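Let's learn to read cavities, pockets and helix packing together. Here is the model we will work with.

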Amino acid sequence: MEYDRMLATLFEEEDRAREMASKLMKVSQESREAASAERQSLVAFLKGPMERHMAYEERAVFPQLDRRGLGAEVQVALRHHAMIREDAEKLSAARPGDDVSQLIFDVARRMLHHTNFEGDYIYPELTYEAWRDLMKETAG
């Protein structure tokens, strides 16, 4: 069903960000050079798939969650989104040769914290059927 696919995609995007964040945190702690080598791909991810995901949540999902009594959680998630965007800009503005390993670690840690927050405090608040209904509402 289309709504099941939409829901699966939403959660898969969260899983992808979580996996990437974990990998980047490890890389940035092991080698400055390896972390720097990941800068371009991380910026592309943050400004591409991650931005699309956050924008979709803000436009379609968060208003529905807010109406279901999760306004406080939505506000925290929105602050996370803003910080991730700020981090993406800082990382994008870094010059070749700059040591970006700490910044990459910080961005990755923030993404991991954010995805864990949504997974621990927002997603479990709705049943599967409520999530399907939410997907129906966002598609309409």
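Predicted model: local features only at pLDDT ≥ 70, side-chain atom pairs only at ≥ 80, totals over all residues.

Q: How do I read a pocket, and what volume does the largest pocket have?
A: On a 1 Å grid over the protein atoms alone, a pocket is an open set of points with protein on both sides within 12 Å along at least five of seven lines, a cavity is a set where a 1.4 Å probe fits but cannot get out, and lining residues have an atom within 4 Å of a point. Points are joined across faces, edges and corners, and a volume is the space filled by probe spheres set on them. Here the largest pocket has a volume of about 150 Å³.

Q: Which residues line the largest pocket?
A: Its lining is made of Met6, Thr9, Leu10, Glu13, Pro49, Arg52, His53, Tyr56 and Met135. Helices H1 (2-30) and H3 (39-67) each supply at least two of the lining residues; helices are DSSP runs (H or I, at least four residues) numbered from the N terminus.

Q: And which residues line the largest cavity?
A: The rule gives 1 cavity of 30 Å³ or more, and the largest cavity has a volume of about 50 Å³. Glu13, Arg16, Ala17, Phe45, Pro49, Met50 and His53 line the largest cavity. H3 gives the largest share of that lining, 4 residues.

Q: How do I read helix packing, and at what angle do H3 and H4 pack?
A: Axes are lines fitted to C-alpha atoms, for helices over the stretch in contact, and angles run from 0 to 180 degrees between N-to-C directions. H3 and H4 (residues 71-93) pack at about 160°, with axes 10 Å apart. H3 and H4 are therefore roughly antiparallel (over 145 degrees; under 35 is roughly parallel, 65 to 115 roughly perpendicular and the rest oblique).

Q: What is the angle between H3 and H6?
A: H3 and H6 (residues 128-139) pack at about 125°, with their axes 10 Å apart. That makes H3 oblique to H6. In their contact (heavy atoms within 4.5 Å), Tyr56, Ala60, Val61, Gln64 and Leu65 of H3 meet Trp131, Leu134, Met135, Glu137 and Thr138 of H6.

Notes:
Residues numbered from 1 in each chain as written. Heavy atoms only, no water.
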